[in-house]
Amino acid sequence: QVQLAESGGGLVQPGGSLRPSCAASGSIFRLYAMGWGRQTPGEPRDLVATIPITGGGSTDYADSVKGRFTISRDNTKNTVYLQMSSLKPEDTAVYYCYAKIGFMTYWGQGTQVTVSS
């Protein structure tokens, strides 16, 4: 089985920073990429950032977060991080970690990020 453990969400002021993390465990022998999506009520889930776990592929970001968010990984822990800086109120959402394993996509339970003064 595959498990995705997310943590590190919270409440921050506009302009602040947050760094949630996501650790993958279980049957992840075919794990090749991880990333983050986010969702607000009544809206579809948007892909935010992705990073390859193996090989020399490049990171990818949604235009709305490019230049402010940085995705990184620690392959020894099968963990991905999302460094979020210069946060805006419109970044408020539930952030979901995902893992690409073989032909499947697995999602975590999400962590709430709220940007408010």
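Begin at Gly15, which is found in the loop between strand 2 (10–12) and strand 3. The model on display is a predicted one. Gly15 is exposed, at a relative accessible area of 51%. Display the residues around Gly15: leaving aside its neighbours within four places in sequence, Gly15 is in contact with Ser86 and Leu87.

**The whole chain**

Next, select the whole protein chain and colour it by secondary structure. The chain comes to 0 helices and 11 strands, and from the N terminus on its elements run β-β-β-β-β-β-β-β-β-β-β. Its radius of gyration is 14 Å, close to the 13 Å that the globule rule gives for 117 residues, so the chain is as compact as a globular protein of that length. Along its principal axes, the C-alpha trace spans about 45 × 25 × 25 Å.

The protein chain exposes about 6,300 Å², of which carbon and sulfur atoms supply 49%. Of its 117 residues, 38% count as buried. If contacts are drawn between residues at least 6 apart in sequence, 53% of them join residues at least 24 apart.

**Two loop residues with positive phi**

Return to Ser86, one of the contacts of Gly15. Ser86 is found in the loop between strand 8 and strand 9. Its phi is near 50°, a positive value in a residue other than glycine. At 44% relative accessibility, Ser86 counts as partly exposed.

Then select Asn78, in the loop between strand 7 and strand 8. The phi of Asn78 is also positive, near 50°, and this residue is likewise not a glycine. Asn78 counts as partly exposed, with a relative accessibility of 25%.

Move to Ser21, which is found in strand 3. At 18% relative accessibility, Ser21 counts as buried, since the limit for that class is under 20%. What surrounds Ser21, leaving aside its neighbours within four places in sequence? Its contacts are Ala5, Glu6, Ser7, Trp36, Thr79, Val80 and Tyr81.

Select Ala5 from that list. Its place is in strand 1 (residues 2–7), and it is partly exposed, with a relative accessible area of 48%. Beyond its neighbours within four places in sequence, Ala5 is in contact with Ser21, Cys22 and Ala23. A distance drawn from Ala5 to Ser25 spans 8.3 Å, C-alpha to C-alpha, for a separation of 20 residues in sequence.

**The nonpolar core**

Hide the surface and turn to the interior. In soluble globular proteins, nonpolar side chains tend to be buried together. Which residues of the largest nonpolar core touch the most other members? Select Met34, Trp36 and Leu82: of the 28 residues in this core, these touch the most other members. The strands that each supply at least two residues of the core are strand 3 (21–26), strand 4 (31–39), strand 5 (46–52), strand 7 (69–74), strand 8 (79–84), strand 9 (93–101) and strand 11 (111–115). Strand 9 gives the most, with 5 residues.

For the last stop, select Tyr98 and Trp107. The structure holds 1 aromatic pair. The ring centres of Tyr98 and Trp107 are 5.0 Å apart and the ring planes meet at 55°, so the pair is tilted. Are these two residues buried or partly exposed? Tyr98 is buried, with a relative accessible area of 5%, whereas Trp107 counts as partly exposed at 33% relative accessibility.

Arg45 lies over the face of Tyr96, at 3.6 Å from the ring centre. Arg45 also lies over the face of Trp107, at 4.6 Å from the ring centre. With these residues displayed together, the view holds the tilted pair of Tyr98 and Trp107, with Arg45 over the face of Trp107 and over that of Tyr96.

Technical notes
Residues are numbered from 1 along each chain as its sequence is written. This is a predicted model: local features need pLDDT of at least 70, side-chain atom pairs count only at pLDDT 80 or more; totals for chains, interfaces and linings use all residues. Side-chain values use heavy atoms; hydrogens and water are left out. Rings of Phe, Tyr and Trp (its six-membered ring) pair if their centres lie within 6.5 Å; planes under 30 degrees apart count as stacked, over 60 as edge-to-face and the rest as tilted. Buried means under 20% relative accessible area, exposed over 50%, partly exposed in between (1.4 Å probe, protein chains only). A charge sits over a ring if NZ of Lys or CZ of Arg is within 6 Å of the ring centre and within 35 degrees of the ring normal. Helices (H or I, at least four residues) and strands (E, at least two) are DSSP runs, numbered from the N terminus. The radius of gyration is taken over C-alpha atoms; the globule rule is 2.2 Å times the number of residues to the power 0.38. Contact means heavy atoms within 4.5 Å. Accessible areas come from the Shrake-Rupley method with a 1.4 Å probe; for residues, only the protein chains shown count as cover. A nonpolar core is a set of buried Ala, Val, Leu, Ile, Met, Phe, Trp, Tyr and Cys residues joined through side-chain atoms within 4.5 Å.
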